[in-house]
Amino acid sequence: MHEPESTILMSGRPVLSQFDFEGQVAIITGGGRNLGRGYCIELARRGVAVVVNDIDGDAACAVVEEIKREGGKAVASLDTVATVEGGKAIVAMAVEEFGTVDILVNNAGNLRAGDFADMSLDDFEAVLAVHLSGAFCVTQPAWAIMRERGHGRIVMTGSAGGVYPEQGYSEYATAKAGIVGLTRALAAEGKEHGIYVNAILPQAGGSSMTLTAEPIPGLKEAKFSGPDSSLAPYKSVEAVSPLVVYLCSSACSHTGLTLSAGAGWFGRVFVGLTNGWTTPELGVPAAAEEVARHFDEIVDTEQYEVPEGASDELRHIAMRLGLAIG
Ligand SMILES: NC(=O)c1ccc[n+]([C@@H]2O[C@H](COP(=O)([O-])OP(=O)(O)OC[C@H]3O[C@@H](n4cnc5c(N)ncnc54)[C@H](O)[C@@H]3O)[C@@H](O)[C@H]2O)c1
């Protein structure tokens with residue numbers, strides 16, 4: 001890791017920067033407000049040249065002005081992430097203005113809310129288009145540059161709504177679960193090219209998305225108000241962005257992880273495999289009734305393992321069956 005050289009101001013206090021962002025270029029989609037704006041400003045303070053992408057031109061330009069006032073480098077990009085042309089134009093702007101792209105934070109988001117029974121396909125696809133296809137459309141042209149240079153850091157944005165069961169946001173949950181899948185797949189493909197890809201599940205609040213798409217009635221009061229009111233004083237963009245800055249830095253060699261952050265807490269969300277239940281006689285298929293009888297054992301999370309790749313599941317099954325692994 002680059003040795004600490006420079007001092008930066010964090011919430012007014014001087015902090016020794018241990019990350020070397022010298023000459024780096026970042027694209028932040030949805031960078032015009034809330035979380036995206038926070039990432040833009042924090043990365044720019046650390047010397048990164050930033051492409052502030054947002055379809056809200058006023059918001060993007062305001063962030064660029066703010067960065068420039070502080071002496072940083074930034075340019076506004078108003079293209080949508082949701083089309084192939086838009087993605088190409090966003091990456092082209094990074095190359096034209098700053099010569100390359102080292103960092104990509106796929107953060108842009110939109111939302112629809114309501115019962116699944118009433119959801120139109122248009123609403124469903126509109127949300128997939130920004131979160132999931134948007135991540136594809138911007139990442140692919142950036143990927144080509146990163147692969148060629150043998151270096152890249154990509155942060156994808158998932159959501160608690162995409163990994164835990166919740167009502168009222170089926171389209172958002174689908175898109176965000178897809179983001180987690182895309183993150184893992186690209187982490188596996190990118191590692192040999194020096195491209196590291198991780199997903200975050202932020203808990204910051206302050207979203208413009210929920211202004212027009214409130215949770216379905218009853219859900220908010222019933223489940224979220226208690227813990228959320230305790231956390232509210234501590235939830236902020238600034239409490240999430242340190243994780244993003246680390247994941248964007250060359251100091252980070254983790255890849256394929258899903259990390260949750262909010263209010264000063266940071267943790268990992270993972271997929272685990274239970275020890276499960278094994279049929280008593282190898283090669284003799286179980287009856288459905290036996291599966292039902294052993295279902296508690298099958299889903300018991302007391303003992304589990306966290307596979308790092310699909311082949312780990314095969315190894316796990318072979319071990320549970322008592323087979324020698326070749
Ligand atoms: N705020 C939270 O607590 C929270 C929680 C979980 C997940 N997230 C995720 O974090 C990300 C940012 O959330 P936020 O709260 O800052 O949202 P926000 O709505 O405040 O900001 C999102 C920005 O994305 C922009 N955008 C929308 N469609 C776009 C498009 N097609 N192309 C380019 N830009 C587009 C919007 O104009 C907006 O400025 C989203 O992906 C969201 O799903 C946020």
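## Chatting through the helix contacts

Reader: Which residues of helix 4 and helix 6 meet?

Author: From helix 4, they are Asp123, Phe124, Val127, Leu128, His131, Leu132, Ala135, Phe136, Thr139 and Trp143. Across from them, helix 6 brings Ser170, Glu171, Tyr172, Thr174, Ala175, Lys176, Gly178, Ile179, Leu182, Leu186, Glu189 and Gly190. Keep in mind that this is a predicted model.

Reader: OK, and what classes do the residues of that contact divide into?

Author: In the contact of helix 4 with helix 6 there are twelve nonpolar residues, six polar ones and four charged ones.

Reader: Where do these two helices sit in the chain, and at what angle do they cross?

Author: Helix 4 covers residues 121-149 and helix 6 covers residues 170-190. Their axes cross at roughly 20° and come within 8 Å.

Reader: Why do helix 4 and helix 6 count as roughly parallel?

Author: Angles under 35 degrees count as roughly parallel, so helix 4 and helix 6 fall into that class. As for handedness, helix 4 passes helix 6 in a right-handed crossing.

Reader: Let's move on to helix 3. How does helix 3 pack with helix 4?

Author: Helix 3, residues 84-98, packs with helix 4 at an angle of about 40°, and their axes are 7 Å apart. Helix 3 and helix 4 are therefore oblique to each other. The crossing in which helix 3 passes helix 4 is right-handed.

Reader: Which residues make the contact there?

Author: On the helix 3 side you'll find Val84, Gly87, Lys88, Ile90, Val91 and Val95. Helix 4 supplies Cys137, Val138, Pro141, Ala142 and Ile145. Sorted by class, the contact of helix 3 with helix 4 has nine nonpolar residues, one polar and one charged.

Reader: What about helix 1 and helix 2: what angle do they pack at?

Author: About 20°, with the axes 10 Å apart. Helix 1 is residues 34-45 and helix 2 is residues 57-69. They're therefore roughly parallel to each other, and their crossing is right-handed.

Reader: And which residues make that contact?

Author: Arg37, Cys40, Ile41 and Ala44 come from helix 1, while Val63, Glu66 and Ile67 come from helix 2. By class, the contact of helix 1 with helix 2 has five nonpolar residues, two charged ones and no polar ones.

Reader: How about Ala263, what phi does Ala263 have?

Author: That one is positive too, about 60°, and Ala263 isn't a glycine. Ala263 is in the loop between strand 9 (258-262) and strand 10 (265-269).

Reader: And Gly262: is Gly262 buried or exposed?

Author: Buried, because its relative accessibility is 10%. Gly262 lies in strand 9. Leaving aside neighbours within four places in sequence, Gly262 is in contact with Gln203 and Val240. C-alpha to C-alpha, Gly262 and Ala204 are 5.9 Å apart in space, while 58 residues apart in sequence.

Reader: Switching topics again, where does Gln18 lie?

Author: Gln18 is in the loop between strand 2 (13-17) and strand 3 (25-29). At 40% relative accessibility, Gln18 counts as partly exposed. The C-alpha atoms of Gln18 and Thr7 are separated by 8.9 Å, and those two residues are eleven residues apart along the chain.

Reader: Last one. What does the side chain of Asp312 reach?

Author: The backbone nitrogen of Glu308, at 2.8 Å. Asp312 is found in helix 12, residues 310-320. Not counting residues up to four places away in sequence, Asp312 touches Glu305 and Pro307.

Reader: Why does Asp312 count as buried?

Author: Buried means under 20% relative accessible area. Asp312 has 16% relative accessibility, so Asp312 counts as buried.

Key:
Residues are numbered from 1 along each chain as its sequence is written. This is a predicted model: local features need pLDDT of at least 70, side-chain atom pairs count only at pLDDT 80 or more; totals for chains, interfaces and linings use all residues. Side-chain values use heavy atoms; hydrogens and water are left out. Helices (H or I, at least four residues) and strands (E, at least two) are DSSP runs, numbered from the N terminus. Buried means under 20% relative accessible area, exposed over 50%, partly exposed in between (1.4 Å probe, protein chains only). A polar contact is a pair of N or O atoms within 3.5 Å; within protein, one must be able to donate a hydrogen and the other to accept it, and residues adjacent in sequence count only if both atoms are side-chain atoms. Contact means heavy atoms within 4.5 Å. Axes are lines fitted to C-alpha atoms, for helices over the stretch in contact, and angles run from 0 to 180 degrees between N-to-C directions. Angles under 35 degrees count as roughly parallel, over 145 as roughly antiparallel, 65 to 115 as roughly perpendicular and the rest as oblique. A crossing is left-handed if the near helix is turned anticlockwise from the far one by less than a right angle, and right-handed if clockwise. Ala, Val, Leu, Ile, Met, Phe, Trp, Tyr, Cys and Pro count as nonpolar, Asp, Glu, Lys and Arg as charged, and the others, Gly among them, as polar.
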